[in-house]
Amino acid sequence: MSLCLCGFVLLCLWLPAQAAPSPAEVEARTKHLAHELRCLVCQNQTLAESTAPLAQDLKLQVRELIAAGKTDDEVLAHLTDRYGDFVRYKPPLKASTWLLWAGPALLFVLGLGLLVRLVRQRARLPDEAFDEEPRDGA
């Protein structure tokens with residue numbers, strides 16, 4: 001009898017921990033995740049910023065997954081499995097996405113290198129190359 005009573009008490013303590021999140025918590029987590037996910041139509045906006053119908057559908061899907069008891073990581077994993085890393089607004093750093101992360105820095109270094117090369121070439125030109133051309137009527 002005491003074993004059944006202990007089991008019942010443990011079950012009563014365990015059930016509230018497994019209960020579905022409150023509507024306020026679902027909404028807050030949905031908003032948080034909507035800022036981490038990319039609109040697949042707009043591509044340069046998060047789900048939170050986009051008004052595209054597909055973005056609204058994805059937000060609804062996120063809301064449903066959260067209401068079903070999924071963690072944020074599980075929701076992100078589900079959407080990444082379905083749509084690929086592109087759905088993440090900040091994709092994880094891995095072999096297939098390194099260019100996304102390193103691209104801006106590489107372009108900056110390339111531009112800086114070209115600028116230095118141009119300045120050095122111009123420095124080697126004789127002074128006559130920079131003489132002003134006579135203006136008409138001056």
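Select E27 first: its relative accessibility is 31%, so E27 counts as partly exposed (buried is under 20% relative accessible area, exposed over 50%, partly exposed in between; 1.4 Å probe, protein chains only). This is a predicted model, where local features need pLDDT of at least 70, side-chain atom pairs count only at pLDDT 80 or more, and totals for chains, interfaces and linings use all residues. Residues are numbered from 1 along each chain as its sequence is written, and side-chain values use heavy atoms, leaving out hydrogens and water.

R63 sits in helix α3 (residues 53–67) and E27 in helix α2, 36 residues apart (helices are DSSP runs of H or I, at least four residues, numbered from the N terminus).

Move to R29. At 16% relative accessibility, R29 is buried. Its side chain meets E25 in a salt bridge (3.9 Å, N to O). Now pick D72: its salt bridge with R29 has the closest N and O atoms 2.8 Å apart. D72 lies in helix α4, R29 in helix α2. Shared partners join E25, R29 and D72 into one network.

The axes of α2 (residues 23–34) and α4 (residues 72–83) come within 11 Å and cross at roughly 45° (axes are lines fitted to C-alpha atoms over the stretch in contact; angles run from 0 to 180 degrees between N-to-C directions). R29, H32 and L33 of α2 touch D72, V75 and L76 of α4 (contact: heavy atoms within 4.5 Å).

Note on methods:
Helices (H or I, at least four residues) and strands (E, at least two) are DSSP runs, numbered from the N terminus. A salt bridge is a side-chain nitrogen of Lys or Arg within 4 Å of a carboxyl oxygen of Asp or Glu.
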